[in-house]
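Subject: Structure handover

Hello,

Have it open while you read the notes that come after it.

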Amino acid sequence: MTSPFATRRPLVWATMALAAVIALGAGLYFGGFADRGNVTDLRGKEAGALFGVALPDAKGREQSIGQWKGKVLVVNFWATWCVPCREEMPEFVKVQQELGPRGLQFVGIAIDDVPKVEAFAAELGLNYPVLIGGYGAIELSRTFGNRLGALPFTIIVDRAGRISHTQLGPIKDAQLRTIVSQLL
Amino acid sequence: MRIVRPSSRARLAHGTLPAGRVGAELMLKSSIAGILTSAVVALTFCSGVAAAEPKLLEPERAFALSVQAIDEKSVEVRFVIAQGYYLYREKMKFAVEPAALASAPLLPPGVVKDDPFFGTVETYRGLFAVRLPLVGAEPGLKVTVKAESQGCADAGVCYPPQVQSVTVALPAPGGRPGAPVAATPAKKSWFN
């Protein structure tokens, strides 16, 4: 009998190889689903309807989202009553400050009333426009894949007006920067 | 990293096996076991990755409402709040038709949280129950209870306020409380 090591070696390798294949498959399958699990995947689709949306700002002036077409647009649905929304916004302010000159434009859509939005915007030193959506804006977000109608919900649109990314829940700083820097 | 573990475990098992035909058969078996273990570990690992962005519940399932007619002049409202989700005490609102609330419901105290923007807020987790005293009610009357609630998930999302409603029949005086009735939301489609 040869060394048992010699006979088992191919088996060990076969086991490892098969495990790797299974892991890769499972990773693609579950990873792919989990990533888009809470939103309908609309990446690559035209964001046309978004540019047709017009909502009042805090001063009551109607603002069309179409005015920012051609920029890398980050539309963030939020509310003051949503703690995770408020928590990610200071980062948005920083990124707007840094990358705004390169053509990045954040636009907030608040599911909220004017006094609260103004108070929070002042507290935060918000440097990008916020439109007042009311609960109707939740329905608008649903049309962009936010099936649960929850907040925060963010849509990133490229310069050509195509949806590059949608996200329910806070968007990590590194992920945000990675996505937008590829589009700028 | 974790994929390697079952293989190294298999190697360990092989090391303790006797040489010869029986041993070889056992080796083959334990290699199959190793493959299966690898598969299980791989799946577990990948669902671990999936758990980093967990599947969120629809609000009516995260905050499941039921109403029970207690006696001819009161109903009890319950929310079963899924683990990892919470409701705001201040956002709870109740209305009853055609009877009316006899007084403002006595909401149980929640867990106090300090909110940098809103100040002190109270939240509920697990089970929430409140008794609603009614006026203008009569035995056998069917009353519709509307409950408005607003909550969030620890995963980092908040749901807008939602109104759920349940209709229950009030029992006769001295009669048994009715069975709890769940708000059963109609599914719009298979996909939501």
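**Conventions**

This is a predicted model, in which local features need pLDDT of at least 70 and side-chain atom pairs count only at pLDDT 80 or more, while totals for chains, interfaces and linings use all residues. Residues are numbered from 1 along each chain as its sequence is written, chains are lettered from A and ligands numbered from 1 in the order in which they are written, and side-chain values use heavy atoms, with hydrogens and water left out.

**Chain A**

Chain A has six helices and seven strands. Helices (H or I, at least four residues) and strands (E, at least two) are DSSP runs, numbered from the N terminus. Read from the N terminus, the order of elements in chain A is α-α-β-β-β-α-β-α-β-α-β-β-α. Of its 184 residues, 49% count as buried. Buried means under 20% relative accessible area, exposed means over 50%, and partly exposed lies in between, using a 1.4 Å probe and protein chains only.

Five strands of chain A make an open sheet with mixed pairing, in the order β5-β4-β3-β6-β7. The edges are β5 (130-132) and β7 (163-168) of chain A; each has a single partner strand, so one side of each has no neighbour in the sheet. On average, neighbouring strands of this sheet are turned by 15° against each other, direction ignored. For such angles, axes are lines fitted to C-alpha atoms (for helices over the stretch in contact), and the angles run from 0 to 180 degrees between N-to-C directions.

Strands of a sheet pair through backbone hydrogen bonds, either parallel or antiparallel. Two strands count as paired if DSSP finds at least two bridges between them. Strand β4 (residues 104-110) of chain A pairs with β5(A) in the parallel sense, over three bridges. Within this sheet, Gly108(A) has Val130(A) in β5(A) as its bridge partner.

**Chain B**

Chain B has an open sheet of three strands in the order β4-β9-β12, with antiparallel pairing. Here β4 (93-97) and β12 (162-169) of chain B are at the edges with a single partner strand each, so one side of each is left without a neighbour in the sheet. The twist from one strand to the next averages 20°.

Strand β9 (residues 142-149) of chain B pairs with β4(B) in the antiparallel sense over five bridges. Its pairing with β12(B), also antiparallel, runs over eight bridges. Which residue of β9(B) stands opposite Ala95(B)? The residue is Lys146(B). Lys146(B) also stands opposite Ser165(B) in β12(B). Phe94(B), in turn, stands opposite Ala147(B) in β9(B).

The two faces of β9(B) can be listed:

- The covered face has Val143(B), Val145(B), Ala147(B) and Ser149(B).
- The uncovered face has Lys142(B), Thr144(B), Lys146(B) and Glu148(B).

Arg61(B) lies in helix α3 (residues 59-62) of chain B and is partly exposed, because its relative accessibility is 38%. Between Arg61(B) and Phe79(B) there are 10.0 Å in space, C-alpha to C-alpha, and they are 18 residues apart in sequence. Asp71(B) is in strand β1 (residues 63-71) of chain B and counts as partly exposed at 25% relative accessible area. Asp71(B) and Asp114(B) are 43 residues apart along the chain, and their C-alpha atoms are separated by 38 Å.

**Disulfides**

A disulfide is a covalent bond between the sulfur atoms of two cysteines. The search, which takes a pair of cysteine sulfur atoms within 2.5 Å as a disulfide, finds two over all chains.

One joins Cys82(A) and Cys85(A), with the sulfur atoms 2.1 Å apart. The torsion about the S-S bond of this pair is about 80°, so the disulfide is right-handed. Cys82(A) is buried at 0% relative accessibility, and Cys85(A) is buried at 0% as well.

The other joins Cys152(B) and Cys158(B), with the sulfur atoms 2.2 Å apart. This link is right-handed, with 95° about the S-S bond. Cys152(B) is buried at 0% relative accessibility, and Cys158(B) is buried with a relative accessible area of 0%.

Regards
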